[in-house]
Amino acid sequence: QVQLVESGGGLVQAGGSLRLSCAASGRAFSPYDLAWFRQPPGKEREFVAAIYRSGNTYYADSVKGRFTISRDNTKNMVYLQMNSLKPEDTAVYYCAAGSRYAKYVAGYDYWGQGTQVTVSS
């Protein structure tokens, strides 16, 4: 089992920045692919970014160039730096861990409880 806990969400004005963090415990971190998903109000959960165990990174087109995912295996942490935030980025953000090199919800086995990000216009 892997336990994931997100932090760093909050209210920010459009154009601002936030850094989300996700702390993992329970098992060694390095063998897992890690990802961030988000769920806007009234919508389904969607892929945001992933960093695989190889170190390769992938982003949804909607956040490419604005968000950066990173991981620190020595600290069992994964981060999402979000710049140039837009109102449409408003959502609950979740971190996830899995082992299927996936960019979809079903590809991840472990999830955090989520952290709210609200971007005001």
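These legends describe close-up views of a predicted model.

**View 1. Phenylalanine 37 meets phenylalanine 47.**
A search of the whole structure finds eight aromatic pairs. A pair of aromatic rings is described by the distance of the centres and the angle of the planes. For phenylalanine 37 and phenylalanine 47, the ring centres are 5.8 Å apart and the planes stand at 75°, so this pair is edge-to-face. Phenylalanine 37 belongs to strand β4 (residues 33-39), and phenylalanine 47 to strand β5 (residues 46-51). The two residues are 10 apart in the chain, and their pair links distant parts of it. Both phenylalanine 37 and phenylalanine 47 are buried.

**View 2. Tyrosine 52 meets tyrosine 101.**
Here the ring centres of tyrosine 52 and tyrosine 101 are 5.3 Å apart, with the planes at 80°, so the pair is edge-to-face. Each tyrosine sits in a loop: tyrosine 52 between β5 and β6 (57-59), tyrosine 101 between β9 (91-98) and β10 (108-111). Tyrosine 52 has 4% relative accessibility and counts as buried. Tyrosine 101, at 45%, counts as partly exposed.

**View 3. An aromatic cluster, and arginines over rings.**
Phe37, Phe47, Tyr94, Tyr108 and Trp111 are linked into a cluster by ring pairs. One member of the cluster, Tyr94, also has a charged residue over its face: arginine 45 lies 3.7 Å from the ring centre of tyrosine 94. Elsewhere, the charged end of arginine 19 sits over the ring of tyrosine 79, at 4.0 Å from its centre.

**View 4. Strand β5 between β4 and β6.**
Strand β5 is mostly covered, with five of its six residues buried. Five bridges join β5 to β4, and the two run antiparallel. Three bridges join β5 to β6, again in the antiparallel sense.

**View 5. Two hairpins, each with a glycine at positive phi.**
The hairpin of β4 and β5 has six residues between the strands, and glycine 42 takes a positive phi near 75° there. The hairpin of β5 and β6 has five residues between the strands. In this hairpin, glycine 55 takes a positive phi near 100°.

**View 6. An open sheet of four strands.**
The strand order is β1-β3-β8-β7, with antiparallel pairing. At the edges stand β1 (3-7) and β7 (67-72), each with a single partner strand, so one side of each has no neighbour in the sheet. On average, neighbouring strands are turned by 15° against each other, direction ignored. Six bridges pair β7 with strand β8 (residues 77-82) in the antiparallel sense. Serine 70 has tyrosine 79 in β8 as its bridge partner.

**View 7. The surroundings of threonine 115.**
Threonine 115 is found in strand β11 (residues 115-120). Its relative accessible area is 11%, so threonine 115 is buried. A polar atom of the threonine 115 side chain lies 3.2 Å from the backbone nitrogen of glycine 9. Leaving aside residues up to four places away in sequence, threonine 115 touches Glu6, Ser7, Gly8, Gly9, Leu20, Ala91, Val92 and Tyr93.

Note on methods
Residues are numbered from 1 along each chain as its sequence is written. This is a predicted model: local features need pLDDT of at least 70, side-chain atom pairs count only at pLDDT 80 or more; totals for chains, interfaces and linings use all residues. Side-chain values use heavy atoms; hydrogens and water are left out. Rings of Phe, Tyr and Trp (its six-membered ring) pair if their centres lie within 6.5 Å; planes under 30 degrees apart count as stacked, over 60 as edge-to-face and the rest as tilted. Buried means under 20% relative accessible area, exposed over 50%, partly exposed in between (1.4 Å probe, protein chains only). A charge sits over a ring if NZ of Lys or CZ of Arg is within 6 Å of the ring centre and within 35 degrees of the ring normal. A polar contact is a pair of N or O atoms within 3.5 Å; within protein, one must be able to donate a hydrogen and the other to accept it, and residues adjacent in sequence count only if both atoms are side-chain atoms. Contact means heavy atoms within 4.5 Å. Two strands pair if DSSP finds at least two bridges between them. Axes are lines fitted to C-alpha atoms, for helices over the stretch in contact, and angles run from 0 to 180 degrees between N-to-C directions.
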